[in-house]
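Please consult the sequence and the model while reading.

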Amino acid sequence: MSLKFFQDIALANDGKINLYWKMKRQVNRLFSSPGYEYKRDEIIRQYYTKVDWEIAGRRVIEKSLAVISMPFTTTAIIADNLGIPSIYYDPTQNVNVTSSNNISVANNKNELNTWLNSIIGTKKC
């Protein structure tokens, strides 16, 4: 997951609503660089509330106003099935589709910001 994913979501949100991040599972440090983890954790500490990885993803999703997911993870599909607004976000712009499973794909911060504002404008935060 790119650092841009975390940064862009935080910047698009601009403090409007609480952001939560849940890691799917605890990852062995052999699979990621310490520099990446340090930078990611700094962004998480500044803008997000970290949710324990052992808590079921569905439980977190059920309490969410909206869900922003990496393409093409099941979190977006779970949210959509629960009637919770959901979008895939690909800041790398490597995904060449506008939707998958009827879930939109945002490819830049402006598209993400537009989507997020449409959600915030229709819900109580």
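How are α1 and α2 oriented relative to each other?

## Basis of the report

The model is predicted: local features need pLDDT of at least 70, side-chain atom pairs count only at pLDDT 80 or more, and totals for chains, interfaces and linings use all residues. Residues are numbered from 1 along each chain as its sequence is written, and side-chain values use heavy atoms, without hydrogens and water.

## The helix pair

Helix α1 covers residues 3–13 and helix α2 residues 34–47; their axes come within 10 Å and cross at roughly 15°. Helices are DSSP runs of H or I with at least four residues, and strands are runs of E with at least two, numbered from the N terminus. Axes are lines fitted to C-alpha atoms, for helices over the stretch in contact, and angles run from 0 to 180 degrees between N-to-C directions. The two helices α1 and α2 are therefore roughly parallel to each other, a term for angles under 35 degrees.

In α1, Leu3, Phe6, Gln7 and Ala10 meet α2 residues Tyr36, Lys39, Arg40, Ile43, Ile44 and Tyr47, where contact means heavy atoms within 4.5 Å.

## The sheet

Four strands form an open, mixed sheet in the order β3-β4-β6-β5; two strands pair if DSSP finds at least two bridges between them. Strands β3 (67–69) and β5 (99–100) stand at the edges with a single partner each, so one side of each lacks a neighbour in the sheet.

Strand β3 pairs with β4 (residues 86–89) in the parallel sense over three bridges. Ser69 stands opposite Tyr88 in β4. Helix α1 packs on the sheet, touching β3 and β4, and its direction makes about 135° with that of β4.

Definitions and conventions:
Parallel < 35°, antiparallel > 145°, perpendicular 65-115°, else oblique.
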